[in-house]
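Please read each point with the structure open.

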Amino acid sequence: TFSSLLLQMCEGQHLDLTVSKAALDDYWRIVNLKSGLFFAIGCRSGAELVLNDKKRLNGFEAYGKEVGIIIQLLDDLEEFQINPKTGKFSLDLTDKNLSLPLSYAYTMLPGDQQILLSENIAQAKFDTGAVQSVLTMLDDIGVASYMRLEIARHASLAMDGLDQARPVETARGILEDLVNTLIN
């Protein structure tokens, strides 16, 4: 199981390095393979040291996968920073092509708007007007709401994994607290 998950994770890393603009389907495939499976391996491997129950092990794997995805989604949000002095958003897209907000935008926007988004992203390092244009485009298509829904969905799936894993009560509390800390 460990080797199989590790190979799949490597596939996700390869896709992350080779896909220049990920559509939404591509994004989810890469994140599941790369970030999700990284944490799935850790959770399942740790549980496998003390369990021999395939259903419970699958639950720990599912929990880890969802936690990894949540962490990736939160990392994607770090592109969008609030300036503490002005209270305004800024955009940091330093050498990063793969993110849920941009994958969502490139999937939802019509072709001419996708071109405009790409042009504004290229100018964002030099032009605050371009930053504002990117943020407005993302806001207009509901990126923030989509991100909140996806984070909540993956938190719920993580809890479903815990239900299947049936950890001892103390460990369950710690694992639930981890998810709650991430999403709050």
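1. Helix α6 covers residues 128–140; at 1.5 Å a residue its 13 residues should span 18 Å, and its end C-alpha atoms are 18 Å apart, which agrees. The expected span is 1.5 Å times one less than the number of residues. Helices are DSSP runs (H or I, at least four residues), numbered from the N terminus.

2. This is a predicted model: local features need pLDDT of at least 70, side-chain atom pairs count only at pLDDT 80 or more, and totals for chains, interfaces and linings use all residues. Residues are numbered from 1 along each chain as its sequence is written, and side-chain values use heavy atoms, with hydrogens and water left out.

3. Ala-130, Val-131, Val-134, Leu-135, Met-137 and Leu-138 are the buried residues of α6. Seen down the axis of α6, these buried residues fall within an arc of 160 degrees, so they line one face of the helix; the arc is that of the directions from the helix axis to the C-beta atoms. On the other side, Thr-128, Asp-139 and Asp-140 are exposed. Buried means under 20% relative accessible area, exposed over 50%, partly exposed in between (1.4 Å probe, protein chains only).

4. Gly-142, with a positive phi near 80 degrees, follows α6.

5. Helix α3 (residues 54–77) contains Asp-76. Asp-76 is buried, its relative accessible area being 0%.

How values were computed: Helices (H or I, at least four residues) and strands (E, at least two) are DSSP runs, numbered from the N terminus.
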